[in-house]
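Have the sequence and the 3D view handy, and look things up as you read.

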Amino acid sequence: MELIGALRDIFPTQTFGTNFQKREFVLVTEEQYPQTLLIEITADRVDLLDHFKPGDQVRVGINIKGREWVNPSGESKFFNSLSAWKITHKILANSAS
């Protein structure tokens, strides 16, 4: 799936116990009803965000991930995440000439 929009925020890289890295950013989509989405990028891809700054217009390739967690009392809780695998600058129609 691909999303198009403007970067609102880019957060620092987080490193977890097993040297797993994650970096999050906020994308405001371009559509009739813009959505403000928190997206994560992980592992060897966290450095991709070094080439971007808030305000940049981008295209983001994402996967939607979901998981179930059962709490100690046996109730199921469900969580979703948006995981980026590619991010590029959006090419504006006027800039092609």
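How many residues lie between S5 and S6 in their hairpin, and which residue in the turn has a positive phi? There are 5 residues between the two strands, and Gly74 in the turn is the one with the positive phi, about 90 degrees.

Before we go on, a bit of housekeeping. This is a predicted model, where local features need pLDDT of at least 70, side-chain atom pairs count only at pLDDT 80 or more, and totals for chains, interfaces and linings use all residues. Residues are numbered from 1 along each chain as its sequence is written, and side-chain values use heavy atoms, with hydrogens and water left out.

**The overall picture**

The protein chain has 6 strands and 0 helices. (Both are DSSP runs numbered from the N terminus: helices are H or I with at least four residues, strands are E with at least two.) Its radius of gyration is 16 Å, well over the 13 Å that the globule rule gives for 97 residues, so the chain is more spread out than a compact globule. That radius is taken over C-alpha atoms, and the rule is 2.2 Å times the number of residues to the power 0.38. Along its principal axes, the C-alpha trace spans about 60 × 35 × 20 Å. Buried residues make up 29% of the 97 residues; buried means under 20% relative accessible area, exposed over 50%, and partly exposed in between, with a 1.4 Å probe and protein chains only.

**How the strands pair up**

Strands count as paired if DSSP finds at least two bridges between them. S5 and S6 pair in the antiparallel sense over 13 bridges, and Arg59 has Thr88 in S6 as its bridge partner. S3 and S4 are also antiparallel, with 7 bridges, and a hairpin of 6 residues joins them. Here, Val26 has Leu38 in S4 as its bridge partner. S1 and S5 pair in the antiparallel sense too, over 5 bridges, with Ala6 standing opposite Gln57 in S5.

**The core**

The largest nonpolar core has 15 residues, and Leu7, Phe25, Val60 and Ile87 touch the most other members. Strands S1, S3, S4, S5 and S6 each give two or more residues to this core. (A nonpolar core is a set of buried Ala, Val, Leu, Ile, Met, Phe, Trp, Tyr and Cys residues joined through side-chain atoms within 4.5 Å.) Leaving aside neighbours within four places in sequence, Phe25 is in contact (heavy atoms within 4.5 Å) with residues including Leu7, Leu37, Val60 and Ile87.

**Salt bridges**

The structure holds 7 salt bridges, each a side-chain nitrogen of Lys or Arg within 4 Å of a carboxyl oxygen of Asp or Glu. Here are some of them:

| Pair | N to O distance |
|---|---|
| Lys22 and Glu40 | 3.9 Å |
| Arg23 and Asp50 | 2.8 Å |
| Lys53 and Asp56 | 2.9 Å |

Finally, salt bridges that share partners join Lys22, Glu24 and Glu40 into one network.
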